[in-house]
Amino acid sequence: QVQLVESGGGLVQPGGSLRLACAGSESIYKTYTMAWYRQAPGKQRELVARIGSLGATTYADSVKGRFIISRDSTKNVVYLQMNSLKPEDTAVYYCWRPFGDVWGQGTQVTVSS
């Protein structure tokens, strides 16, 4: 069974940066679309960024120009580089593989001074 494990979350001040990583238990990243979602307290889970099998990327309007999704197929890892973080970015961030509807356990990101 495929497993996804997120890491890299934490507490950061507004304007700071974090890099999240999503590690897979098998070589899935070369051929599958992968995505990052987030869920803030009391809100619905929302799409943050997605990367297709050929590397095409899409972003939520709220993170365009600040976040970058990328993949390292040699390491079976998908990254989310988050820059210029804002308090409203505070949420649990989840990695998702649409094929098979596979979710990670999530990693907490808190942006606060």
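Q: Which residues form the aromatic cluster?

A: Tyr37, Tyr94, Trp96 and Trp103 form one cluster. Bear in mind that this is a predicted model.

Q: And how many aromatic pairs does the structure hold?

A: There are 5. Take Tyr37 and Trp96: their ring centres are 5.4 Å apart and the planes sit at 90°, so that pair is edge-to-face. Tyr37 is in strand β4 and Trp96 in strand β9, so the pair links distant parts of the chain, 59 residues apart.

Q: Tyr37, is that buried or exposed?

A: Buried, with a relative accessible area of 17%. Trp96 counts as buried too, at 18%, because the cut-off for buried is under 20%.

Q: What does Trp96 do with Trp103?

A: Trp96 and Trp103 make a stacked pair, 5.4 Å centre to centre with 25° between the planes. Trp103 is partly exposed, with a relative accessible area of 30%.

Q: What lies over the face of Trp103?

A: Arg45 does, at 4.6 Å from the ring centre. There's also Arg97, whose charged end sits over the ring of Tyr32, 4.7 Å from its centre.

Q: Switching topic: how many disulfides turn up?

A: A search of the whole structure finds 1. Cys22 is joined to Cys95, with an S to S distance of 2.0 Å. The angle about the S-S bond is -80°, and the link between Cys22 and Cys95 is left-handed.

Q: Where do Cys22 and Cys95 lie in the fold?

A: Cys22 belongs to strand β3 (residues 18-24) and Cys95 to strand β9 (residues 91-97), so the pair ties together parts that are 73 residues apart in sequence. Both Cys22 and Cys95 are buried.

Q: OK, back to β4. What does it pair with?

A: With β5 (residues 46-51) for one: 5 bridges join them, and the strands run antiparallel. β4 also pairs with β9, again in the antiparallel sense and over 5 bridges.

Q: What stands opposite Trp36 in β5?

A: That's Ala49. In β9, the bridge partner of Trp36 is Cys95, the residue that forms the disulfide with Cys22.

Q: How covered is β4 (residues 34-39)?

A: Mostly: 5 of its 6 residues are buried.

Q: And what about the turn between β4 and β5, which residue there takes a positive phi?

A: Gly42, with phi near 80°. The hairpin has 6 residues between the two strands.

Q: Last topic, the nonpolar core. How many residues does the largest one have?

A: It has 26, and the residues with the most contacts inside it are Trp36, Val48, Phe67, Leu80, Met82 and Tyr93. The elements that give two or more residues to this core are β3, β4, β5, β7 (67-72), β8 (77-82), β9 and β11 (107-111). As a general point, nonpolar side chains tend to be buried together in soluble globular proteins.

Q: Which residues is Val48 in contact with?

A: Leaving aside neighbours within four places in sequence, Val48 is in contact with Trp36, Tyr37, Arg38, Thr58, Tyr59, Ala60, Val63, Phe67, Leu80 and Tyr93. Among them, Trp36, Phe67, Leu80 and Tyr93 are also listed with Val48 as having the most contacts inside the core. Tyr37 is a member of the aromatic cluster we began with.

How values were computed. Residues are numbered from 1 along each chain as its sequence is written. This is a predicted model: local features need pLDDT of at least 70, side-chain atom pairs count only at pLDDT 80 or more; totals for chains, interfaces and linings use all residues. Side-chain values use heavy atoms; hydrogens and water are left out. A disulfide is a pair of cysteine sulfur atoms within 2.5 Å. Helices (H or I, at least four residues) and strands (E, at least two) are DSSP runs, numbered from the N terminus. Buried means under 20% relative accessible area, exposed over 50%, partly exposed in between (1.4 Å probe, protein chains only). Two strands pair if DSSP finds at least two bridges between them. Rings of Phe, Tyr and Trp (its six-membered ring) pair if their centres lie within 6.5 Å; planes under 30 degrees apart count as stacked, over 60 as edge-to-face and the rest as tilted. A charge sits over a ring if NZ of Lys or CZ of Arg is within 6 Å of the ring centre and within 35 degrees of the ring normal. A nonpolar core is a set of buried Ala, Val, Leu, Ile, Met, Phe, Trp, Tyr and Cys residues joined through side-chain atoms within 4.5 Å. Contact means heavy atoms within 4.5 Å.
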